[in-house]
Amino acid sequence: MNTLVIDNKSYVVVPAESYQALQKKAALKSRPEKTLTIKEARAHSKKLIRKWASEK
């Protein structure tokens with residue numbers, strides 16, 4: 001792991017394998033988005049359509 005300084009900003013250079021391992025670890029910790037039921041999804045989409053239609 002190396003540190004570079006470009007325009008007073010620090011950047012860290014890591015091997016690709018380590019970077020992929022970090023991405024995988026971060027993905028496992030993130031919560032999945034809530035899945036809506038069909039009824040909830042329809043209500044949500046209608047709400048957004050009405051909102052967008054009123055803006056135009």
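Reader: Where does Asp-7 lie?
Author: Asp-7 is in the loop between strand 1 (2–6) and strand 2. Helices (H or I, at least four residues) and strands (E, at least two) are DSSP runs, numbered from the N terminus. One caution: this is a predicted model, where local features need pLDDT of at least 70, side-chain atom pairs count only at pLDDT 80 or more, and totals for chains, interfaces and linings use all residues. Residues are numbered from 1 along each chain as its sequence is written, and side-chain values use heavy atoms, with hydrogens and water left out.

Reader: What is the phi of Asp-7?
Author: Positive, about 50 degrees, although Asp-7 is not a glycine. Most residues other than glycine have a negative phi. Asn-8 also sits in the loop between strand 1 and strand 2. Its phi is positive too, about 60 degrees, and Asn-8 is not a glycine.

Reader: Is Asn-8 buried or exposed?
Author: Exposed, because its relative accessible area is 79%. Buried means under 20% relative accessible area, exposed over 50%, partly exposed in between (1.4 Å probe, protein chains only). Asp-7 is exposed as well, at 71%.

Reader: New topic. In what order do the elements run?
Author: From the N terminus on, β-β-α-α. The radius of gyration is 21 Å, well over the 10 Å that the globule rule gives for 56 residues, so the chain is more spread out than a compact globule. That radius is taken over C-alpha atoms, and the rule is 2.2 Å times the number of residues to the power 0.38.

Reader: What box do the C-alpha atoms fill?
Author: Roughly 50 × 30 × 15 Å, along the principal axes. Of the 56 residues, 0% count as buried.

Reader: And how many residues of helix 2 are buried?
Author: Zero of its 18, so helix 2 lies largely in the open. Its end C-alpha atoms are 26 Å apart, which agrees with the 26 Å it should span at 1.5 Å a residue. The expected span is 1.5 Å times one less than the number of residues.

Reader: What about Glu-33, where is its place?
Author: In the loop between helix 1 (16–29) and helix 2 (38–55). Glu-33 counts as exposed because its relative accessibility is 75%. Its C-alpha atom is 26 Å from that of Ser-18, 15 residues away along the chain.

Reader: Last one. Which strand holds Val-12?
Author: Strand 2, residues 9–13. Val-12 counts as exposed, at 53% relative accessibility.
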